[in-house]
Amino acid sequence: MQSDISNNHIQASFQLKHPEAQDNSFILDIDLTLPSQGVTVIFGPSGSGKTTLLRCIAGLEEPDKGQLSINGEIWQNASLSMPTHKRPLGYVFQESSLFPHLTALGNLNYARKRAGKKASNQLYDHAIDIMGIHDILHRYPQQLSGGERQRVAIARALLINPLLLLMDEPLASLDKQRKQEIIPYLERLGSSLEIPIIYVSHSMDEVSRLADHVVVLKQGKVSAQGGLTEVFSQIDLPLDYGDDTGVVLQGHVIERDRKWHLARIAFSDGELWVRDRGDELNQAVRVRVLARDVSLTLTPDNDSSILNRLAVTVDEIAADTDEAMALIRLKTGSEYLIARLTCKSIDRLQLEPGKKLWAQIKSVALIS
Amino acid sequence: MSFSEADLAAIWLTLRLATTVTLLLLIIGTPIAWWLARTSSVWKAPIAAIVALPLILPPTVLGFYLLIAMGPHGFFGQFTQSLGLGTLPFTFWGLVIASVFYSMPFVVQPIQNAMEAIGERPLEVAATLRAGPFDRFFTVVLPLAKPGFITASILGFAHTVGEFGIILMIGGNIPGETRVISVQIYDHVEALEFMQAHALSGAMLIFSFSVLLALYWLQRKQKVSLLN
C-alpha cells in the first residue's frame, strides 16, 4: 500500500520556474523520497537549488507546484500550503540569525515559549549541553563569535521541539578553524536525535563526515541519491569533484598498535591501517580514500612502503574531465574504491572490467 | 526676562498639542509605515506621496482644505455635527487633527525606514520558531525598529511645536484654546513687544537646537553600538 511507504518517509516534490523564463527552465524540479531518520545531505555546487529546496520544505518559498508530506502528515499539496509558523520544523540559517535584541538565553526562550508541547527541561538541558553553550547564555549575539552564534542558533532550533530539522550550510559563514570547532557538535547531534535532519552543503568534508543519505543536486534536478558510500562510489556522476573524488568507508576500530601508533579499521570486507587518533576499540569511524591516492599493481608488491593493500576487481572505467586521466571503480568484497590513473597506465596494465589486481592506498583519512 | 501669564498659557497649550499629536501619530503612523515598508501594491507610491505631501505643500493650502472639510458644510464637519460635536475649526481638537496630517511624514518615514532596514530574515527566523504574523510584529518588528520610533517621536513632537501657518488657518488665535507659542510670538511682534518676542523666540531656538542635538547624538550612539 502507498500509505505504508509514506507513513515513515519524507516525500517532497517541488517545481519552481524561473520568474522570467520562456523556455520552461526550472530553478527547482525534484521529486524525492527521503528516509525519516538520520542525516540527509543535499549536496551540490552553488546555484544548484539546494537552499531553494530547503526553503520550499520550510514554506519560506512558494513553489509553482508543490507536494510535501512528513511521515504521512501533509504539509503541502495542490490545495493547501501550511504557513511556515504552523510547520513543526527547526531551521538553521546560513549566517547568524539570532535576534540581536535578545541575549543568547532570550533567543533560546523565544523558541521554548513557542514549542508545540511544552518543551521539557530535559530537552533544554540536552540542547545546551550538546552545543556547549552553558557559559555564554547571558551574552548578546554581538558579543559572541561566529561559531558560538551558530551553536546557539542550532540549540534554538532544537528547543522548538521539531519533527524535522533543516540546516542550510550552517558552517558556510565560518572560517576553517570555527568549522572544525562545530563539526563535532553536529556529529553528536546526528547520532543523538531521533528526528530526521536535512542538511544543505557544498563541502565534501561535511558530507563525508555527517551524511547517512546523500542527494546530489545539479541545476535544480536530482542527479544522484542514495546511501553515502553508494553515491560517492559512482564514477559516472555528472558532478566533477576534481581532487576530492573518492569514497567513504564506514567501519570500526579493531586493533590499536601502540608501538607504531597505528589503528586497524575493519570495514565490511577488508581492513585498513590508519594513524591512531586515540579512538577506543570498537569505535565506529568513517575513513575517506581519495581516488588520487589509489594506485594499482598487477602483483602484490611487498617491497613497497605502502601499508594498505587490497585485492580488487576492476568494475568500471570512466573518462575523467581531464583527458589524460580516467577513473576506475574497483570492487573489494561488497565495497568500492575509486582510482584516478593516467590513460597511459590503464593501457599499459591492460585494465578492463573483471580484471583482478592489487590496489595500494597511499593515504587514508580518518574523518569521524 | 520672564514670561507673562499669556506666554505661559501658550507654552502649556503647545506642549499639550504636541504630546497629543505625537501619541496619535505613533498609533496611526505605525500601521501605515508597516504597510508601506512591506507592500508591493501599486498603491504604495500614491499613498507614500500623500503621506509626504506636507513636506512640500504650503501649510496654508493644507489648512485651507482642512478648514473646508471640517467646516459646517464639509463632509467631516457634517459628520462631527451629526455626532453632536459641533464643528472642529477654531478648537483644540481641530488643531490636533490638522497637526496629525501636517506632521505625518515626520513620524511615518523614520518608522518605515527602520522597518525596511530589518529585512526579511528576522521575520523568516521568527516564522520557523512558530511565531504567527502578530507575534512576529510585536516581538521582532517593534523591538528591532525601536530607533525609528524614537526618531519619529522626537521629530513629530518638535515639528508640531514649530507649526504656524496651519494653526492660523484652522485655529485662529484664541487664548488657551488655539493660541500656541508661534502665534503668540507673531502677536508680540505685531504689537511691537519685542522683549516678549525675544523671550519666546529664544526659548524656541534653544528647544529646537537641543532636540536636534539629542537626535544626532542618539543616532551616532546607535551606529557605534551596531558596529560593536
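Guide: Helices here are DSSP runs of H or I with at least four residues, strands are E runs of at least two, and both are numbered from the N terminus. The model is predicted: local features need pLDDT of at least 70, side-chain atom pairs need 80 or more, and totals for chains, interfaces and linings use all residues. Residues count from 1 along each chain, chains are lettered from A and ligands numbered from 1 as written, and side-chain values use heavy atoms without hydrogens or water.

Start with α2 of chain A, residues 50-58. This helix is mostly covered, with eight of nine residues buried (under 20% relative accessible area; exposed is over 50%, partly exposed in between; 1.4 Å probe, protein chains only). The buried set includes A:K50 and A:R55. A:L53, A:L54 and A:I57 are also among them. A:G59 follows α2(A), and its phi is positive, near 80°.

A cavity is a set of 1 Å grid points, over protein atoms alone, where a 1.4 Å probe fits but cannot get out; a pocket is open, with protein on both sides within 12 Å along at least five of seven lines; lining residues have an atom within 4 Å of a point. The search of the whole structure turns up one cavity of 30 Å³ or more. The largest cavity holds about 50 Å³, a volume being the space filled by probe spheres on points joined across faces, edges and corners. Its lining is A:V39, A:M167, A:L186, A:L189, A:G190, A:I197, A:Y199 and A:L210. Two elements of chain A give two or more of these residues: α6 (176-192) and β9 (197-201). The largest share, three residues, is from α6(A). By class, seven lining residues are nonpolar, one is polar and none is charged (Asp, Glu, Lys and Arg are charged; Ala, Val, Leu, Ile, Met, Phe, Trp, Tyr, Cys and Pro nonpolar; the others, with Gly, polar).

Helix α6(A) turns up again at the second largest pocket, with five residues, the largest share of that lining. This pocket has about 420 Å³ of space. Its lining has 18 residues. A:E187, A:S191, A:R209, A:R286 and A:S368 lie nearest the centre. Besides α6, the chain A elements α7 (204-210), β12 (246-257) and β15 (284-290) each supply at least two lining residues. The class count is five nonpolar, six polar and seven charged.

Next, a sheet in chain A. Five strands form an open antiparallel sheet in the order β16-β20-β17-β18-β19 (strands pair if DSSP finds at least two bridges between them). β16 (294-297) and β19 (335-342) are the edges, each pairing on one side only. β17 (308-319) and β20 (356-361) pair over six bridges. Within that pairing, A:T313 has A:K356 as its bridge partner.

Last, the rings. The structure has 11 aromatic pairs over all chains (Phe, Tyr or six-membered Trp rings with centres within 6.5 Å; planes under 30 degrees apart are stacked, over 60 edge-to-face, the rest tilted). A:Y91 and A:F93 make a tilted pair, 4.4 Å centre to centre, with 35° between planes. A:Y91 is buried at 5%, and A:F93 is buried at 2%. In chain B, the planes of B:W34 and B:F137 stand at 65° with centres 5.3 Å apart, so this pair is edge-to-face. B:W34 sits in α1 (5-38) and B:F137 in α7 (133-144), 103 residues apart. B:W34 is partly exposed at 24%, while B:F137 is buried at 15%. With B:F138 they form one aromatic cluster.
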